[in-house]
Number of protein chains: 2
Amino acid sequence: MDGAPGGTVGEGGITPDELQLAARNHGLPLEALRDPITPAGLHYLLIHYDIPAVDPATFELEITGAVDRPLTLTLDDLRARERVDRPITFECAGNGRALLEPRPVSQPWLTEAVGTAEWGGARLAPLLDEAGVKPSATELLFSALDKGIEGGELQSYERALPIGEARDALLAYDMNAGPLPPQHGFPLRLVVPGWYGMQNVKWLTRITVLEEPFTGFQNSVAYRMYDADGEPGEPVTRMLPRSLMVPPGVPDFMTRTRHTEPGSTTLTGRAWSGYGSIERVEVSTDGGSTFSAAVLEPALGPNVWRGWSFSWEATTGEHVLSSRATDTGGNIQPLDPPWNLKGYANNAVERITVQVAP
Amino acid sequence: MDGAPGGTVGEGGITPDELQLAARNHGLPLEALRDPITPAGLHYLLIHYDIPAVDPATFELEITGAVDRPLTLTLDDLRARERVDRPITFECAGNGRALLEPRPVSQPWLTEAVGTAEWGGARLAPLLDEAGVKPSATELLFSALDKGIEGGELQSYERALPIGEARDALLAYDMNAGPLPPQHGFPLRLVVPGWYGMQNVKWLTRITVLEEPFTGFQNSVAYRMYDADGEPGEPVTRMLPRSLMVPPGVPDFMTRTRHTEPGSTTLTGRAWSGYGSIERVEVSTDGGSTFSAAVLEPALGPNVWRGWSFSWEATTGEHVLSSRATDTGGNIQPLDPPWNLKGYANNAVERITVQVAP
């Protein structure tokens, strides 16, 4: 299956359980990489349980735990604070999972679980100052309104974050200058620039300041990288660098193999990293044997993908195209997928098969 | 895999080709059946090729072929006509495909390829009158801006419709009171109330009045029901009746099996048909052995799904829930999936497994 954007899918078909997830959740159609800001309906989506129906009139956010002055805030209270609008790139921690071998069974992403929206909301830091976080605080627990069973446990989705990582966080009530759509966390979600998507807690209703490490499911069992069950592993945190290109030409409906004509072709795409700015993007037109530098567009800001372009003289025949990002933190995308049991953070370089014919 | 909404998925895992389609396209998350009008980002999507980037300032719609006065219309021209806003239910012709056995290989839908939006635009009929359709005309060909390869043929998406079926059609430039999102055909799409989704041509750019039957791919090869390649088959046209329920309780993340507590539970859902109004919805809580009448909500209008509710006394244990629609045309949903080679129009009753425990 060389036609697959991102390469081949591992042995064994996608299971019925996985199909149920794939039918609900969806990636960015890769042609939408042409837009610096992703329209809301094209942004990738990963929803653990059901989308809750929330009445914005009675909605409240609680800030509680190890604070001097617990706060309860309505949406109007939040909208009355200084407003920030920032384009920020999100990527699912499971992006690339279905390309691993052996293939971890869960939401079966190829390479498309990404998107960049302009998030509008209130900064978290001044609200924490207002609540008076105790010096003994170490983590913030973000709790949501969606409920389900995972790992055999009935739970509301909740994720903790080291308190030092929250400086830059937003409490977003708007997406692309409109209210959050239901599937993106209406009426309020957390946005933690640079982190994988699991930290951008949707339908956020409570922030609890903790003085001890949180041991709940989404931090201690899920979203950890280990090779076998029972290992403690390493937590999934920031996005590793990745670049994706707008697939050139036109697709075959079923195989998605790309077809284009010979001649000068401008390849374009976008690259991002949660560990720094994008320093370099390189393109290969020979299946990853050799890479040449792409031209970078000006950066749109911190924690936003960066556009690039590359001139390709397409010749008749089959070609495998790839792009590869390097960030200022010295991280570079690997050619071979890094494997872990749950299939997180596979940022191996994409492989796009193109048939060139007159 | 009894936990699958809609029943079991046929033998053999989903292939890599199908996964690429499933990662791009998406269904309605079934909890969104609670909304009479589906938010744009939750409405199902099936896109054959790539989403084209269209400049609305230079966009034109041509009405040509067997007419006395060919027309070329800008978006402003269309917006200057009488405006109609109508909620209309859409369903993909391939809905239910992945539940067939043997399983046809294409976009692998379970039961969720549906949605209802309020479509705003100009009526087609007065524009045809203005162009002066010749009495010899038999079909209308709707041609779009998206391009790809299908059945080995490079093509723009285009679908013909018998001219008598076009009376009620809209040329929609708005969805849910905003401009069409790119993935729903920006800046203009056709809406043919009552027909399966393939007829609601997105990115519409040309209407050609024909005097002979159209023999292009999407009418003569695709969207036909036959049992073996080479048979002429019957064309896919209007939506057969179907009812779906809001899955009760909460989901298990991976299996999507529902979990709820014993006691009085109100089941709700929506039902539709392209062959008439919904006359009756019945619910089964014993895997389809017996059915009892649900209470119908008032109809929202023609060609819109109709809400229903049903009181269920949930008892501890595992239950399989189903709902079944009958329309005023005398059509009723079958318990067993109707099979054809390409997997169209499988409107077999849903099966939702629920675990009830205190």
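Guide: Two packed helices are described by the angle between their axes and the distance between the axes. In this predicted model, the axes of helix 1 (residues 16-24) of chain A and helix 1 of chain B cross at roughly 40° and come within 7 Å. The crossing of helix 1 of chain A with helix 1 of chain B is left-handed.

Visitor: Which residues make the contact between helix 1 of chain A and helix 1 of chain B?

Guide: Chain A contributes Leu19(A), Ala22(A) and Ala23(A), and chain B contributes Leu19(B), Ala22(B) and Ala23(B).

Visitor: How many residues of chain B are in contact with chain A?

Guide: In chain B, 51 residues are in contact with 50 residues of chain A. On the side of chain B that touches chain A, at least two residues each come from helix 1 (16-24), strand 5 (139-150) and strand 14 (250-251) of chain B. Helix 1 of chain B gives the most, with seven residues. That side of chain B comprises 28 nonpolar, 13 polar and 10 charged residues.

Visitor: Why may one say that the copies meet through the same surface?

Guide: Of the interface residues of chain B, 98% are also interface residues in chain A, so the copies meet through the same surface.

Conventions. Residues are numbered from 1 along each chain as its sequence is written. Chains are lettered from A and ligands numbered from 1 in the order in which they are written. This is a predicted model: local features need pLDDT of at least 70, side-chain atom pairs count only at pLDDT 80 or more; totals for chains, interfaces and linings use all residues. Two residues are in contact if their C-beta atoms, placed from the backbone, lie within 7 Å. Helices (H or I, at least four residues) and strands (E, at least two) are DSSP runs, numbered from the N terminus. Ala, Val, Leu, Ile, Met, Phe, Trp, Tyr, Cys and Pro count as nonpolar, Asp, Glu, Lys and Arg as charged, and the others, Gly among them, as polar. Axes are lines fitted to C-alpha atoms, for helices over the stretch in contact, and angles run from 0 to 180 degrees between N-to-C directions. A crossing is left-handed if the near helix is turned anticlockwise from the far one by less than a right angle, and right-handed if clockwise.
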